[in-house]
Amino acid sequence: MAQTLKPGSGPLDYGNRTWLKILFAAIFFALYAPIFTLIAFSFNTDKRGVVWRGFTFDNYVKAWNNADLQEAMLNSLTIAFISTIIATILGSMVALVLWRFRFPFKAGYEGVMSLPIVIPEICMGVSLLLFFTNAGMMAWSVSFVWPFNLINIIIAHVAFCFPFVAIVVRSRLVGFNRQLEEASKDLGASEWQTFWNVIVPFMMPGLIAGALLAFTLSLDDFVITYFTSGPETVTFPVKVYSLVRRGVSPEINAASTALIVITVVATVLAMKLQAPDKSGKG
Amino acid sequence: MDSWKVNPRVFWTLFTPGTFWLVLFFLIPLGWLFHDSFSDKISITETQFTGTLANYIRAFDAVYLTIIWKSVWISAVATALCLLTAYPIAFGICFAPAKWKPLLLLLVILPFWINLLIRTYALIAVFRTQGYLNLVLGWVGLGPYEMLYNDGAVIVGLVYVYMPFMVLPLYATIERLDRSFLEASLDLGGSQVQTFFKVTLPLTMPGIVTGIILVFIPCLGSFLTPAMLGGANAIMIGNVIEDQFKAANDWPFGSALSFLLMYVTFGALALRAFLASRSKGVDV
Amino acid sequence: MTTHRPRFSAKRRSVLKGLGALGLGLTFLPRNSLSAEEKKLNFYNWDTYIGETTLADFEKASGIEVKMDLFADNDELFAKLKAGNPGYDVICPTNDNLERMIKANMVVPLDHAKLPSFSNMDPVFQDAAFDPGRKYSIAYLWGTVGVGYRKSKVEGTVDSWKVLFEEPKYAGRIALLGDAKLVIGSALKYLGHSLNTTDPAILKQVEDLLIAGKKNVKVYADDNGQDLLASGDVDLTMEYNGDILQVMKEDDDISYAVPTQGGEMWQDCLAIPTGAPRPENAHAFINYIMDPQVEAAIADFVQYGTPNAAAKKLMSKEYTENPAIFPPPEVIAKCEPALYLGEDATKLRSEIWTRVQAA
């Protein structure tokens with residue numbers, strides 16, 4: 001590690017270390033190299049996106065006019081948003097219970113709680129298919145209007161996402177100094193005030209990490225979604241896998257690129273709008 | 001840590017919703033397949049519960065044990081590589097200027113919002129024999145190398161797939177790491193290296209352990225990455241399980257394999273929780 | 001074993017000529033009987049595996065709105081419907097999967113009185129070994145599985161499965177499909193047996209052949225063999241004809257052949273799953289698909305072989321004379337459809353395939 005410090009860089013200013021910056025940039029480059037390829041291919045005239053044949057915007061025009069593709073994208077995003085919210089709340093509660101309390105069979109409870117992480121996706125997908133079919137929920141959800149017809153998928157996504165949130169938030173809570181909580185109570189704060197003003201801010205990085213994880217898991221899930229979806233709820237991954245037989249077109253790349261660009265632009269705008277002193281949060 | 005009896009109202013409020021969801025939408029559905037794993041197939045679509053252990057015994061056939069062993073070491077290597085790459089990333093984000101943090105965090109996660117299959121295709125485009133990496137290597141007179149369709153490619157692919165599962169828990173623990181500990185260590189004459197291994201690493205251990213669990217276990221069950229990036233003998237246990245539920249139409253055996261995987265991991269996790277609850281302080 | 005030999009000389013349906021798809025749809029729909037059913041239909045199919053405007057045209061013609069849900073492969077389709085039908089009216093399984101579904105009572109018999117356009121079908125497709133008398137299904141599109149190859153990298157023309165299974169010359173340049181049924185079936189053909197052989201002794205030979213030939217195989221492709229071929233990662237691949245045809249259009253150096261030993265000839269079918277909520281609409285839709293204009297538009301877009309004799313007449317020479325779509329009759333004579341061989345045979349093949357991959 002760098003022992004010679006440059007002027008102005010304190011021993012803990014790791015953010016200013018050149019070696020860390022270089023390493024950081026290198027890993028980011030590796031992470032993004034395939035993504036740039038994917039973006040480049042969204043401008044490719046080749047239908048299969050294997051060989052570069054020429055530049056075009058056609059794929060964007062086609063994606064823009066492809067109502068099915070947009071519907072699938074909208075379904076996926078809706079499912080991911082709702083599942084993330086529910087999963088983050090449930091997961092945090094489980095994390096809090098595991099962190100705060102001793103109770104009988106706790107080790108077993110923790111083990112069971114991590115089963116959705118362990119279980120092979122297809123096993124969970126099939127078991128939910130059997131459950132929803134036998135409980136009549138499969139046929140029942142079909143009669144609902146959008147977005148309520150996504151209910152089975154959302155239930156399934158929450159079920160496999162929230163243990164991930166729980167485990168991430170829990171690992172964050174381990175570092176909590178209980179004296180802060182006691183100090184808060186000594187100063188006259190109620191249980192609820194303490195929770196809201198002391199514990200939640202401390203949990204925040206864990207909550208954000210957990211929520212991002214849940215969103216990522218939900219957005220990209222194919223197997224469980226496939227087995228829990230009704231006849232009218234095509235999601236983006238289901239569409240993509242179904243395209244494999246006939247060839248995944250660069251339209252999909254165009255749609256994915258649009259998703260990335262929109263997310264980045266929205267985030268940058270949100271950051272600009274935030275007051276500078278708040279922007280560090282999270 | 002309090003006993004649940006200290007504040008039963010808070011305990012039940014926090015305990016009930018997640019447990020309810022897990023029981024109703026995970027354990028009960030899983031019951032069907034658990035039941036199936038002790039059943040015999042009696043027709044194309046039906047199984048009959050006979051209490052048989054044949055499905056479990058079949059899993060101990062040499063061919064499946066070979067595949068399981070292979071899955072374990074590939075997952076272990078991928079998890080280790082994931083940790084080595086994710087730690088600097090998480091560390092870098094946590095020590096970056098505050099205003100950059102949200103964007104950096106998002107940028108790390110963003111690639112994983114792209115469909116896995118599309119991402120894998122992109123990975124193939126980079127690494128294939130006439131791909132971009134070989135093109136660049138060609139400029140400096142190297143290659144082309146055959147980089148895909150071997151175990152190494154599967155490992156790289158798995159690292160690429162499960163990176164966020166490692167970065168996010170690490171971020172959650174490194175962020176707001178109590179820096180006074182690091183300062184104390186440096187003030188007391190510890191070198192940066194010593195501080196890292198003696199202070200930073202132990203303090204972030206909960207995140208590391210979580211990350212390892214979240215990467216290693218899903219790696220074990222992965223099937224798309226080995227199928228797309230692996231060579232002729234890339235098969236992993238996830239592929240075998242998938243095959244039982246699909247082409248082989250043998251749900252009892254597929255269930256038995258899945259449950260074996262679960263028993264082992266469940267045992268390991270419960271053991272860890274049990275040991276952690278006995279050793280005081282370091283409770284991960 | 002029944003061999004399908006499409007002779008596309010079949011009968012004329014001059015009545016149909018000149019009538020647009022729209023008009024036809026209306027003619028064939030028993031309007032009044034529809035009133036009982038909601039004007040909706042759930043079709044379960046592969047994405048883009050239909051004409052670009054087929055569904056919209058059908059809606060215009062019949063007032064029935066079609067929602068197309070998607071699956072990625074036959075095994076997924078089967079697994080999903082195995083637990084019960086959540087509301088699909090028409091499904092598109094491949095022949096052996098269809099046969100399995102027939103045996104498991106997962107599809108219902110068709111009412112041929114409601115399918116007058118069935119007479120447009122080529123006579124060879126009016127019956128099938130896997131569905132005698134076409135009681136449960138109609139043929140939708142068909143094709144073969146053969147060898148796609150890069151002409152400049154392969155000596156001579158490909159006429160034997162040998163190039164894939166035991167030809168050291170091409171070591172490391174070969175992709176096989178990661179599909180037990182197709183790999184074992186093709187190897188059986190190479191050894192001179194029916195691809196529906198269940199004799200364990202012969203299957204053992206196949207296993208040995210595949211394990212011995214594994215050192216030459218670069219990858220068991222996940223249905224992306226055509227991409228591997230197009231990008232130059234392999235020079236020979238086992239693939240579906242339609243997949244290779246797509247890359248052949250963009251790369252003159254790529255060709256496709258069904259080896260002279262023959263191979264699998266598959267047929268995707270349309271059928272009505274048990275518990276379909278709208279069987280009347282389903283019949284109307286299936287009947288509409290068999291209309292020559294409609295089927296011609298589908299075949300033109302999808303570029304697989306049409307089983308519809310009347311539709312084939314409407315197609316361009318480029319399509320009807322393409323050997324990758326319609327292989328020469330002597331090759332067709334050697335090809336067979338895969339049959340559903342029962343659960344034990346499926347298990348045996350699955351185990352062989354696992355052992356081959358793990359070897």
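Analyst: Of the 282 residues in chain A, 59% are buried, meaning under 20% relative accessible area, with over 50% counted as exposed and partly exposed in between (1.4 Å probe, protein chains only). This is a predicted model, in which local features need pLDDT of at least 70 and side-chain atom pairs count only at pLDDT 80 or more, while totals for chains, interfaces and linings use all residues. Residues are numbered from 1 along each chain as its sequence is written, chains are lettered from A and ligands numbered from 1 in the order written, and side-chain values use heavy atoms, leaving out hydrogens and water.

Chain A exposes about 11,400 Å², with 70% supplied by carbon and sulfur atoms (Shrake-Rupley method, 1.4 Å probe; for residues, only the protein chains shown count as cover). Its secondary structure comes to 13 helices and one strand (DSSP runs numbered from the N terminus: H or I of at least four residues for helices, E of at least two for strands).

Now to the meeting place of chain C and chain B. Here 33 residues of chain C are in contact with 31 of chain B, contact being heavy atoms within 4.5 Å. Together the two chains bury about 2,800 Å², 56% of it on carbon and sulfur atoms; buried area is the accessible area (1.4 Å probe) lost by the two parts on being put together, summed over both.

Six salt bridges are found across this interface, each a side-chain nitrogen of Lys or Arg within 4 Å of a carboxyl oxygen of Asp or Glu. One of them joins C:R173 to B:E146, whose closest N and O atoms are 4.0 Å apart. On the chain C side, the elements giving two or more residues are α4 (74–82), α5 (95–103), β7 (217–221) and α16 (343–358). The largest share, nine residues, comes from α16(C). By type, this side divides into 11 nonpolar, seven polar and 15 charged residues (Ala, Val, Leu, Ile, Met, Phe, Trp, Tyr, Cys and Pro are nonpolar; Asp, Glu, Lys and Arg charged; the others, Gly among them, polar).

Elsewhere in chain C, helix α10 (residues 241–248) takes us back to burial: six of its eight residues are buried. They are C:N241, C:G242, C:D243, C:I244, C:L245 and C:V247. Those residues pack against several elements of chain C, including β5 (137–150) and β10 (265–273).
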